Amino acid sequence: MGLLRKKLAVLDLTHGGIPIAKKLAALGNDVSGVDVYGTVDPALLGELEEKYGIRCSKAPLPVSEFDLLVAPVHLDSAYSMLEEARAAGKTILSHHEIVGKILKKNPWLSGTKIVEVTGVKAKTSTASLLADMLSRRFKVVLHTSQGLEVWDNGFHSSIYRGLSITPGSILTAVEKSLEAGVEPDLKPEFFIFEISIGGTGTADFGILTTLSPDYGIANNTALASDAKLQLILNAKPGSALLINSGAEKALEAAKKTQAEVLTFKDPFLAEAHANISETGRTPDFVLETEKASGISEVSGSTLRFLSRGKEIFSASLSPGYSSSAYRTAFVAASAAALELGVEVKDVVSVLEEFRGLSGRMQEKELNGIALIDNSNSGIDILSAEKALEYALLKKKDEKKRSVILVLGEEASQVCEGLPPASVQKFVEKSGTKCGQIILVGERMQEVTAKNASYAGSIQEGLSKAVELAGTEDIILSSVKCFR
């Protein structure tokens, strides 16, 4: 179906619907935007109507007015407009699908290879490591939850901050790249997009990091793992897919694709322990790790990377961060880089120079106190548990006195936040292992523990931690937030 002179309704202006609506209007369509959650500032809705001709509504609109609807995969399937559209046989496209159609119409992207990275875990770290590796040979623009960056020969500069990883944000990322002066003669050879819950169908190389732990979306009427399969089911012929070998659902879906399918395995992750005979194939790429001589097991290790059964390289990782938190990213990024033409020596160089990503198990100092920074938009209770395990090992290894835990969320709508019930179970199980717990966010007021206090923001939480901690302590920050 074409995208010219159609009457379209774009549902959910909160999660990436606004850039989609703008682009569709610019392509000559009659566009209406529906603020499903009623969270968009009325002034912004007024601007969309006056400046872009997009009729906006906070209430459902009659489906009979439209040729097709555009809705995110996470929207409740019982939303009235979706129910009416299905009953009337109207076409409903996901945000991912419509972004793919829009990208295909952008002549500036011609000749630039697109890499999309989706999954539950390790998306940002995989995309960031891959950008560094590719930049040793190519010019790269990277869009992740940490921002929009240009990468060239191992160095990066920021173009824009504040974008989410909804599919609609890809349109803004491309637009901001042009505005920042990434002109046609300096056009990137690769765009790498971290994307939530699926793929657009435009990727030349798609990476699925993990499918577990799975979770419900669309008011628990669907599974996130099924939505993420868009990366595979919508893959264009002639493209390549790199899939975690433990994601059996994805491998089953890949049997129907016309893309080349490659697999990787990190034997240290539970998801990768799937019975290979059940998946029907041996992984193309495998990562093995071992304790590096003279380096604490919690702070460094040696990687052995195997491609199709043959060892390709080994790399000695640097201390100063939790290397175990990056195992999926190490193997996925390395495999993708080698397939995309990066030399082995450059892959090894990036791995050995790596010091962790900000907010992802990176070791720092805060006012002279050891800080493990694990605050980012992607954490869940499982990653908080693993971060505490790492902090406790470091405490024992370095003979520290105690761990001061800063835990919670700055905004509950950041990928649905950390459920207070899960946090309560966590502090009941592990809270006594910490000297103090500082719970961040309004919803965390529901959580109780003898050694707990409360803070309204991550900065307030860290300030309280500094007041409580001494140089013999460790501060662990695990707050769900955009940074």
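Me: Which element gives the most to the lining of the second largest pocket?

Reply: Rolling a probe the size of a water molecule over the atoms shows where empty space is left. A pocket here is an open set of points on a 1 Å grid over the protein atoms alone, where a 1.4 Å probe fits, with protein on both sides within 12 Å along at least five of seven lines; lining residues have an atom within 4 Å of a point. In this predicted model, α5 gives the most, with three residues. Helices (H or I, at least four residues) and strands (E, at least two) are DSSP runs numbered from the N terminus.

Me: What else lines the second largest pocket?

Reply: Besides α5 (123-135), β7 (139-144), β8 (147-152) and α12 (344-353) each give two or more residues. Of the 19 lining residues, W151, H156, F354, G356 and L357 are the closest to the centre.

Me: What is the strand order in the open sheet of five strands?

Reply: Strands pair if DSSP finds at least two bridges between them. The order is β3-β2-β1-β4-β5, with parallel pairing. Because β3 (55-57) and β5 (91-94) have a single partner strand each, one side of each lacks a neighbour in the sheet.

Me: Where do β1 and β4 pair?

Reply: Residues 7-11 of β1 and 68-71 of β4 pair over three parallel bridges. A9 has L69 in β4 as its bridge partner.

Me: How should I read the numbers and cut-offs?

Reply: Residues are numbered from 1 along each chain as its sequence is written. Local features need pLDDT of at least 70 and side-chain atom pairs pLDDT 80 or more, totals for chains, interfaces and linings use all residues, and side-chain values use heavy atoms, leaving out hydrogens and water.
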